[in-house]
Number of protein chains: 2
Amino acid sequence: MSHDFTVLGLAGSLGRRSYNRALLAAAAESAPEGIVVDVFDLTDLPLYNPDLDELLPGGGPSPQPVAELVERVESADALLLVSPEYNWGPSGVIRNALDWVSRPAGASPLFEKPVALAGASPGPAGTGRGQLQLRQNLLSSGSFVLQHPVVQVGDARSRFDERLELVHEPTRELVQEQLGALREWALRVTPASATA
Amino acid sequence: MSHDFTVLGLAGSLGRRSYNRALLAAAAESAPEGIVVDVFDLTDLPLYNPDLDELLPGGGPSPQPVAELVERVESADALLLVSPEYNWGPSGVIRNALDWVSRPAGASPLFEKPVALAGASPGPAGTGRGQLQLRQNLLSSGSFVLQHPVVQVGDARSRFDERLELVHEPTRELVQEQLGALREWALRVTPASATA
């Protein structure tokens, strides 16, 4: 690949003081050479409504933020989903975004899209239970989710400073390693016909 | 209990033509004597944002639909969550509602609240995978989820007519049976101190 490898980053929290938004920002800042992480903010996305889903029979035109998100997912080489764990699952915010982008089933922008998962939590678990539910959801959409390295950042209060800068160097290196692995993974799962 | 047993019903789809909204409507219509199912529409609920969560440190006043939902959950004897299965999970719409109502952890309106799950799908699975993820989410919130009967309505096109009336009598009986079991379950899990 001669062009930059483009990763669309989605944060599952809308909070200004979110560790997960901060973790995504750190990934964007410190992406390895040749990898670009663009962030799409989910704040203005409406709740999923099949009546507004132009890809369904009888559906109306999709709301503008949805159309933009779909276009951004389509054009990205891969996705990076950075979600808090709410109720032992991914946030409703990130699930709602996937509900929009996963249509139509089997032919959506998520189908065979390489995806990496990451998350941060104040407690020790680092969003592991939430990521496991997301993996199930992304099996349904036919996405190719990166298996390792796992990025589950526990004890977030000690990893970020007051301004939410990532100050824990091993975590920054892990994030960089994951982005590199995501690019390798995307190459591996690209069909032979597309690389010939 | 001499008063009616009140169940707050939430549908996880916002679509006008939703089988899950229709299933919830059927439950409300055909509730056994002494059980009342009220429906709260999630259409106007915003995406969960911790900056707008007055129950978190530094959070602002909750948006009006959230405050109303929280109050309705608190005052209900039990919940009935009727969600479609999107991406092998519950919808982002229902997950988002639970994200709002599950604060603060361990002392939210969902804590020890009796809950029943139901769902309908055009295919055979009847939302079983989505319900299993929801059970995990509701373990986190400390809710008491009814175990049986399971209401997973597959082949929905044959169970509802054109006007989305439930025309399959065994399914209606199952829905009624579940509501009765939910009332019994609520009695079983009520602390002895509250029934003395």
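In chain B, helices H1(B) and H6(B) are roughly perpendicular to each other, a term applied to angles of 65 to 115 degrees, whereas angles under 35 degrees count as roughly parallel, those over 145 as roughly antiparallel and the rest as oblique. The axes of H1(B) and of helix H6, residues 169–189 of chain B, come within 10 Å and cross at roughly 65°. Axes are lines fitted to C-alpha atoms, for helices over the stretch in contact, and the angles run from 0 to 180 degrees between N-to-C directions. The crossing of H1(B) and H6(B) is right-handed, meaning that the near helix is turned clockwise from the far one by less than a right angle. On the side of H1(B), the residues involved are B:Leu23, B:Ala26, B:Ala27 and B:Glu29, which meet B:Thr171, B:Arg172, B:Val175 and B:Leu179 of H6(B). The contact of H1(B) with H6(B) comprises 5 nonpolar, 1 polar and 2 charged residues; Ala, Val, Leu, Ile, Met, Phe, Trp, Tyr, Cys and Pro count as nonpolar, Asp, Glu, Lys and Arg as charged, and the others, Gly among them, as polar.

The model is predicted: local features need pLDDT of at least 70 and side-chain atom pairs count only at pLDDT 80 or more, while totals for chains, interfaces and linings use all residues. Residues are numbered from 1 along each chain as its sequence is written, chains are lettered from A and ligands numbered from 1 in the order in which they are written, and side-chain values use heavy atoms, with hydrogens and water left out.

Chain A is superposed on chain B by a rotation of 180° with 0.0 Å of shift along its axis, at an RMSD of 0.0 Å. The two copies are thus related as by a two-fold rotation axis. Within chain A, the C-alpha nearest the axis belongs to A:Gly92 and lies 2.4 Å from it. The superposition is by least squares on the C-alpha atoms of residues with pLDDT of at least 70 in both copies. Because 100% of the interface residues of chain A are also interface residues in chain B, the copies meet through the same surface.

A helix pair spanning both chains is formed by H4(A) and helix H4 (residues 128–140) of chain B, which pack at an angle of about 170° with their axes 12 Å apart. H4(A) and H4(B) are therefore roughly antiparallel to each other. The contact (heavy atoms within 4.5 Å) is made by A:Arg129, A:Gln133, A:Gln136 and A:Asn137 of H4(A) together with B:Arg129, B:Gln133, B:Gln136 and B:Asn137 of H4(B). By class, the contact of H4(A) with H4(B) has no nonpolar, 6 polar and 2 charged residues.

Individual positions were also examined. B:Ser18 lies in the loop between strand S1 (5–11) and helix H1 (19–29) of chain B; helices (H or I, at least four residues) and strands (E, at least two) are DSSP runs, numbered from the N terminus. With a relative accessible area of 8%, B:Ser18 is buried, where buried means under 20%, exposed over 50% and partly exposed in between (1.4 Å probe, protein chains only). Not counting residues up to four places away in sequence, B:Ser18 touches B:Ser13 and B:Leu164. A:Pro124, in the loop between strand S6 (114–120) and helix H4 (128–140) of chain A, counts as exposed at 81% relative accessibility. Its C-alpha atom is separated by 9.1 Å from that of A:Gln152, 28 residues apart along the chain.
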